[in-house]
Amino acid sequence: MTEQELWKEFSDKENIKDLDYEAWSFGGDPDRLARLVADGIKTATCSLKLLYDRKEEPLPQEKQYSVILDKRGDAVCIIQTTRVTLCPYCKVTERHAYLEGEEDRTLESWRKIHYEFFTQELAAFGIKFQEDMVLVCEEFRVVYKK
């Protein structure tokens, strides 16, 4: 199902045709992470603020809708952002790590996974990842799935 088809189903059902949405997939392992979201296990994510700044993209906003895509670009579910905070990588909490829903959901495994991911992501820009870099931490809820 395409993002447009899933959004139409949802917006018709909820009578919210005038609202905008974003469509995106997770980095790393899009299919696994999208499934964790659809199953209600993953209810948070984060990204480097530096990349928003470099691309001159607006930060996510509370109440914003997003269609989550798998690696093929097929729509998996629709989420609504419930909270957005800025936090240095080194200050991310156990709670946030747990909400991200990956591996054993501990801060230790979260740090390992994200250190590797951010290091690789920044290498494409010739930037070295540092633990005091600011993250955009989002919490969300699933509002619709196919």
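Which elements are among those that cover the buried residues of α5?

Mentor: This is a predicted model, in which local features need pLDDT of at least 70 and side-chain atom pairs count only at pLDDT 80 or more, while totals for chains, interfaces and linings use all residues. Residues are numbered from 1 along each chain as its sequence is written, and side-chain values use heavy atoms, with hydrogens and water left out.

Let us begin with the helix itself. Helices and strands are DSSP runs numbered from the N terminus, a helix being a run of H or I with at least four residues and a strand a run of E with at least two. Helix α5 takes in residues 107-123, which makes 17 residues, and from its first C-alpha to its last it reaches 24 Å, close to the 24 Å expected at 1.5 Å a residue. That expected span is 1.5 Å times one less than the number of residues in the helix.

Next comes the question of which residues of α5 are hidden. A residue is called buried under 20% relative accessible area, exposed over 50%, and partly exposed in between, using a 1.4 Å probe and protein chains only. In α5 the buried residues are Leu-107, Ser-109, Trp-110, His-114, Phe-118 and Leu-122. Looking down the axis of α5, these buried residues fall within an arc of 165 degrees, so they line one face of the helix; the arc is that of the directions from the helix axis to the C-beta atoms. An α-helix has 3.6 residues a turn, so residues three or four places apart point the same way. On the other side of α5, Glu-108, Lys-112, Gln-120 and Ala-123 are exposed.

Now to your question about the cover. Contact means heavy atoms within 4.5 Å, and what covers the buried residues of α5 includes the strands β2 (44-48) and β5 (134-145), together with the helices α3 (49-55) and α4 (94-100).

Some of these elements meet again in the largest nonpolar core. A nonpolar core is a set of buried Ala, Val, Leu, Ile, Met, Phe, Trp, Tyr and Cys residues joined through side-chain atoms within 4.5 Å. The largest one has 15 residues, of which Leu-48, Trp-110, Phe-118, Phe-129 and Leu-135 touch the most other members. At least two residues of this core come from each of β2, α5 and β5, and α5 gives the most, with four residues. Phe-129 shows what such a place looks like in detail: leaving aside its neighbours within four places in sequence, Phe-129 is in contact with Leu-48, Tyr-89, Tyr-115, Phe-118, Thr-119 and Leu-122.

On a 1 Å grid over the protein atoms alone, a pocket is an open set of points with protein on both sides within 12 Å along at least five of seven lines, whereas a cavity is a set of points where a 1.4 Å probe fits but cannot get out; lining residues have an atom within 4 Å of a point. Grid points are joined across faces, edges and corners, and a volume is the space filled by probe spheres set on the points. The largest pocket has a volume of about 900 Å³, and of the 35 residues that line it, Trp-24, Ser-25, Cys-46, Ser-47 and Tyr-52 are the closest to its centre. β1 (21-24), α2 (30-38), β2, α3 and α5 each supply at least two residues of the lining, and the largest share, five residues, comes from α5.

Helix α2, another contributor to that lining, can be read in the way we read α5. The buried residues of α2 are Pro-30, Leu-33, Ala-34, Leu-36, Val-37 and Ala-38, and what covers them includes β3 (65-69), β4 (75-88) and β5. Not counting residues up to four places away in sequence, Pro-30 touches Ser-25, Leu-69, Asp-70 and Lys-71. The C-alpha atoms of Pro-30 and Arg-72 are separated by 9.1 Å, although the two residues are 42 residues apart along the chain. Just after α2, Gly-40 takes a positive phi of about 80 degrees.
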